[in-house]
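Please read the following note with the sequence and the model side by side.

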Amino acid sequence: MALCVLFPITILSAHVKIPIGAFYWDSYLYLDAQNRIANGQIPHIDFFPPVGALGYYLFYWVRLVVPDSQPMLAASWSIALVTVPLMALVLWDAAKQNTNKIAVLLVVMGFAFFTIVPFNTTEYSSFPAFDGFAIYNRHGSQLIYIGQAQRLFLCAQLG
């Protein structure tokens with residue numbers, strides 16, 4: 001779990017330069033939202049993003065802390081501010097219930113993989129990232145992963 005926090009912080013602080021990618025729609029949305037929030041505008045009141053405001057605020061806060069970070073990596077990894085603590089709660093609950101340690105390890109490895117690896121894929125991938133395509137879909141997938149992990153351990157406990 002520490003790797004899910006330390007790796008993105010290290011890379012974002014290193015000011016890595018990579019191309020944004022071919023899908024500029026998400027890139028524009030996140031950069032535009034960052035600018036609008038910095039100017040005091042509120043999502044869904046002053047401007048209309050295609051999804052909820054959480055991802056845009058997280059991106060804005062990450063870019064406040066690390067302003068020279070690569071924007072699409074910052075957008076992809078900003079959700080970790082929410083998902084890492086949630087996954088830690090899931091793991092704490094699983095450890096408290098004496099759940100199978102191998103199952104816990106596999107769930108943590110999957111979470112770490114999908115959190116850390118900045119996929120550079122095409123629009124046909126279900127888990128894209130820093131190529132500027134479907135960052136908010138990536139965020140949703142990570143939140144669903146945590147929900148499913150909790151259900152897995154809950155079912156193991158009940159079964």
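**Note on the predicted model**

1. The protein has an accessible surface of about 8,600 Å², and 69% of this belongs to carbon and sulfur atoms. Such areas come from the Shrake-Rupley method with a 1.4 Å probe; for residues, only the protein chains shown count as cover.

2. The model is predicted: local features need pLDDT of at least 70, side-chain atom pairs count only at pLDDT 80 or more, and totals for chains, interfaces and linings use all residues. Residues are numbered from 1 along each chain as its sequence is written, and side-chain values use heavy atoms, with hydrogens and water left out.

3. The secondary structure consists of 7 helices and 0 strands, in the order α-α-α-α-α-α-α along the sequence. Helices (H or I, at least four residues) and strands (E, at least two) are DSSP runs, numbered from the N terminus.

4. Of the 159 residues, 42% are buried, that is, under 20% relative accessible area with a 1.4 Å probe, protein chains only.

5. The largest nonpolar core has 17 residues, of which Leu 12, Tyr 30 and Tyr 56 touch the most other members. A nonpolar core is a set of buried Ala, Val, Leu, Ile, Met, Phe, Trp, Tyr and Cys residues joined through side-chain atoms within 4.5 Å. Helices H2 (24–38), H3 (54–65) and H4 (71–77) each supply at least two residues of this core; H4 gives the most, with 5 residues.

6. Apart from this core lies another, of 16 residues, including Val 90, Leu 91, Val 104 and Phe 111.

Methods:
Buried means under 20% relative accessible area, exposed over 50%, partly exposed in between (1.4 Å probe, protein chains only).
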